[in-house]
Amino acid sequence: MKYSNRRLRRRWPRRLVIVAIIAAVVVAGATAAVRYVYNQNLRPVSSSQTVQSITVPQGATVEEIGSLLQQRGLIRSAWAFKLYVSSKEVRNALQAGTYELAPSQGVAEIVSQLTHGKIVTNLVTILPGQRIDQIRTRLIQDGFLEADVDQALDPNTYVGHPALVDKPKGAGLEGYLYPDSFQRTSETSAKTIVGAALDEMDKQLTPDIRAAFSRQGLSTYQGIILASIVEREVSEPNDRPQVAQVFLKRLRIGMPLQSDATAHYGAILEGAKPSTKYDSVYNTYTHKGLTPTPISNVSSGSLQAVANPASTDWLYFVSGDDGTTHFSKTLTEHEAKVRQYCKENCAQ
């Protein structure tokens with residue numbers, strides 16, 4: 001019996017070693033398998049480079065972001081995404097915004113994009129010489145809600161804005177939305193775009209510009225009105241100071257401005273076909289002085305032209321069929337140039 005017990009005691013340690021070895025092999029194998037699966041799940045979903053726009057909401061958790069990416073077919077596994085983010089200690093670096101991602105990107109590349117805030121920005125462009133109704137239509141076409149656009153274009157939304165200090169009470173934002181391209185993300189509102197356009201207009205209405213308007217006998221608002229007329233009348237920057245000089249001289253001598261652009265604006269405002277014969281308060285063929293409001297937005301060139309008109313003595317101008325502007329001092333000269341250079345345009 002004693003011999004037998006000694007043999008039994010010697011066998012147990014050997015079995016324990018075997019069990020330990022087997023357990024270690026199993027653990028190592030499981031670890032390797034998990035690591036393999038983990039690494040596989042970090043790989044791109046496919047070779048497709050089709051881009052998707054993904055919006056990560058403000059305050060979204062790692063779990064929510066991973067779930068969103070997996071649902072959209074951009075990553076293989078939400079848990080692998082979470083584990084990777086945790087291992088790189090970038091949980092708090094993930095940024096909200098709209099991103100363009102593709103199934104051909106691996107988790108590492110996607111996380112890099114999310115942590116560096118490489119968000120998608122679209123440009124909203126307000127063109128020079130646009131009326132406020134055209135800007136409204138463009139903003140709606142760019143995806144902003146109609147109700148939000150209307151609120152954004154309400155001047156009462158911007159009470160106290162420095163660009164509007166000279167705007168008469170009750171007047172709208174016509175003429176004040178400076179033409180430029182503004183960056184837009186998924187969280188940008190119509191009010192943000194309009195506010196940015198007003199900010200740019202404020203930069204243009206410098207003390208020097210306001211003082212120059214005053215020297216021309218104009219208030220700041222009148223300067224913007226005349227600049228909008230110049231903006232719509234001619235597109236060639238070099239012609240604008242001379243056109244501004246013509247209109248300023250006519251204002252001083254009490255002669256109607258006779259601007260086609262103003263007459264057309266009045267007709268369009270009332271839903272009629274643009275015509276110089278349409279009777280409205282904006283028709284400067286039949287009404288002397290400036291129009292009640294600007295007729296479009298204005299560029300820096302038109303503001304500068306009114307502030308610093310050319311040192312000429314023209315009283316008339318006509319845009320020829322080739323786009324060239326021809327100036328005259330007398331009606332006889334003007335009529336001769338109309339016959340010579342404006343056969344098609346002036347016949348319309």
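User: In which strand is the place of Val56?

Analyst: This is a predicted model, so every value here is computed from predicted coordinates. Val56 falls within residues 52-56, and that stretch is strand E1.

User: Is Val56 buried or exposed?

Analyst: The relative accessible area of Val56 is 4%. The cut-off for buried is under 20%. Val56 is therefore buried.

User: Which residues is Val56 in contact with, leaving aside its neighbours within four places in sequence?

Analyst: Contact here means heavy atoms within 4.5 Å. With the sequence neighbours within four places set aside, the partners of Val56 are Ile65, Gln95, Ala96, Gly97, Tyr99 and Leu114.

User: How many Å apart in space are Val56 and Gln304, C-alpha to C-alpha?

Analyst: Along the sequence, 248 residues separate Val56 and Gln304. In space, C-alpha to C-alpha, the separation is 44 Å.

User: At what angle do helix H3 and helix H4 pack, and what is that arrangement called?

Analyst: H3 covers residues 78-87 and H4 covers residues 107-115. Their axes are 11 Å apart, and the angle is about 60 degrees. That angle makes H3 oblique to H4.

User: What is the handedness of the crossing where H3 passes H4, and which residues meet there?

Analyst: The crossing of H3 past H4 is right-handed. H4 brings Val107, Ala108, Val111 and Leu114. H3 meets them with Phe81, Tyr84 and Val85.

User: By class, how many nonpolar, polar and charged residues does the contact of H3 with H4 have?

Analyst: No charged residue takes part in the contact of H3 with H4, and no polar one does either. The nonpolar count is seven.

User: What is the phi of Glu89, and where does Glu89 lie?

Analyst: Most residues other than glycine have a negative phi. Glu89 has a positive value, near 55 degrees. Its accessibility is 73%, so Glu89 counts as exposed. Glu89 lies in the loop between H3 and strand E2 (97-101).

User: Which loop holds Gln258, and what is its phi?

Analyst: Gln258 sits in the loop between H10 and H11. Its relative accessibility of 33% means that Gln258 counts as partly exposed. Gln258 is a residue other than glycine with a positive phi, near 50 degrees.

User: Thr284 touches Gln258 and others; with which side chain does the side chain of Thr284 make a polar contact?

Analyst: Thr284 is in the loop between H11 and H12. At 2% relative accessibility it counts as buried. Not counting residues up to four places away in sequence, Thr284 touches Pro256, Leu257, Gln258, Ser259, Thr262, Gly289 and Thr291. The polar contact, at 2.6 Å, is with the side chain of Thr262.

User: Why does Asn297 count as buried?

Analyst: Asn297 lies in the loop between helix H11 (260-269) and H12. Buried means under 20% relative accessible area. Asn297 counts as buried because its relative accessibility is 1%.

User: How many Å separate the C-alpha atoms of Asn297 and Ile132?

Analyst: Asn297 and Ile132 are 165 residues apart along the chain. Beyond four places in sequence, Asn297 is in contact with residues including Gln130 and Ile135. The C-alpha atoms of Asn297 and Ile132 are separated by 7.7 Å.

User: Which backbone oxygens lie 2.9 Å and 3.3 Å from a polar atom of the side chain of Asn297?

Analyst: At 3.3 Å from a polar atom of the Asn297 side chain lies the backbone oxygen of Leu177. At 2.9 Å, the backbone oxygen is that of Leu127.

User: How do helix H10 and helix H12 cross, and which residues make the contact?

Analyst: The axes of H10 (residues 240-253) and H12 (residues 300-307) come within 8 Å and cross at roughly 45 degrees. H10 and H12 are therefore oblique to each other. H10 passes H12 in a right-handed crossing. H10 supplies Arg240, Pro241, Ala244 and Leu248, and H12 supplies Ser302, Ala305 and Val306.

User: Which helices do the buried residues of H12 pack against?

Analyst: The buried residues of H12 are Ser302, Leu303, Ala305, Val306 and Ala307. They pack against H7 (190-204), H8 (207-215), H9 (220-233) and H10.

Note on methods:
Residues are numbered from 1 along each chain as its sequence is written. This is a predicted model: local features need pLDDT of at least 70, side-chain atom pairs count only at pLDDT 80 or more; totals for chains, interfaces and linings use all residues. Side-chain values use heavy atoms; hydrogens and water are left out. Axes are lines fitted to C-alpha atoms, for helices over the stretch in contact, and angles run from 0 to 180 degrees between N-to-C directions. Helices (H or I, at least four residues) and strands (E, at least two) are DSSP runs, numbered from the N terminus. Angles under 35 degrees count as roughly parallel, over 145 as roughly antiparallel, 65 to 115 as roughly perpendicular and the rest as oblique. A crossing is left-handed if the near helix is turned anticlockwise from the far one by less than a right angle, and right-handed if clockwise. Buried means under 20% relative accessible area, exposed over 50%, partly exposed in between (1.4 Å probe, protein chains only). A polar contact is a pair of N or O atoms within 3.5 Å; within protein, one must be able to donate a hydrogen and the other to accept it, and residues adjacent in sequence count only if both atoms are side-chain atoms. Ala, Val, Leu, Ile, Met, Phe, Trp, Tyr, Cys and Pro count as nonpolar, Asp, Glu, Lys and Arg as charged, and the others, Gly among them, as polar.
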